[in-house]
Amino acid sequence: MEALREAQAYLTVYVHPSNAGDVPRAVARQLSTLLFTYEEHFDGVLLAHETTVADYKKAKIEDKTQVEGPKRLRAKILNGLVPYFGVKVRANLLLFSPQPDMILEGKVELLGKESIHAIVLGVFSVAIMSDDIHEKFKFKRKGDGGRFVSRSDREHVIKRGTMIRFSVKSVDTEMNCHINGSLIPPHTGSMRWLSVHDVEYASEISRNLRRKTDIGVKIEQNEQEHRILKNEDSMVKPERPHKSRKRSIEDR
């Protein structure tokens, strides 16, 4: 899928001194709070992350101003009421960053004569309005909620549960990457039908099969970590309000 991309980022993550005993875990927890939300710094939605930090088991505080670890990586204590220290890390990120004219894939959740609503990667919503549905498709109302059937090939059907390929018209980042799509460009429609009748798409399937499998594993692992983090946070009552997460991470 075109909208998925891997990026390497150098970040400064601010950690509370109470977590100094396990800095790598604290860094991972901090980044996990950003999962599945749009971040302007990354120009996309963070789906998965892997971080590289120093081994802080032997770190020590010197003059109450800095923490030093191997490879001369340093974590400086910030002035103020809460003495967070900033840890510089290198992170490998998996991002969802849809752009206009990209071709994406999604599962139809709801449809009617005026629109098709789908979901991408089980998270991101897509709306395809009637003006963006190719005129070759005719809507037929059935007991299962209706379906779009191609006038040129009755086997080309789009209904609830159908996996579709569509073109991105626009993206609303304020709504966590809500996508407005189109079924007018070529190589769009039911993925099952395209896999048989569209040569270009059929060849693309074989090229991307391995990459999709690797990405799926990464997303699943980070979804599990995200759920564990939420469960842990719900069991612990914070003693003081947390700082805004957008201020806890900044570009190096």
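**Notes on a predicted chain**

1. Buried residues (under 20% relative accessible area, with over 50% being exposed and partly exposed in between, 1.4 Å probe, protein chains only) make up 40% of the 252 residues in this chain. Keep in mind that this is a predicted model, where local features need pLDDT of at least 70, side-chain atom pairs count only at pLDDT 80 or more, and totals for chains, interfaces and linings use all residues. Residues are numbered from 1 along each chain as its sequence is written, and side-chain values use heavy atoms, with hydrogens and water left out.

2. For an overview, the chain has four helices and 17 strands. These are DSSP runs numbered from the N terminus: helices are H or I with at least four residues, strands E with at least two.

3. Now have a look at glycine 106, which sits in strand 8, residues 103-112. Glycine 106 counts as buried because its relative accessibility is 2%. Leaving out residues up to four places away in sequence, its contacts (heavy atoms within 4.5 Å) include Ala118, Val120, Thr162 and Phe166. Glycine 122 is 16 residues from glycine 106 in sequence, and their C-alpha atoms are 8.2 Å apart.

4. Further along, three strands make an open antiparallel sheet in the order 11-12-13. Strand 11 (137-140) and strand 13 (157-159) are the edges, each pairing on one side only. Pairing here takes at least two bridges found by DSSP between two strands.

5. Within that sheet, strand 12 (residues 147-150) pairs with strand 13 in the antiparallel sense over three bridges. Arginine 147 stands opposite lysine 159 of strand 13.
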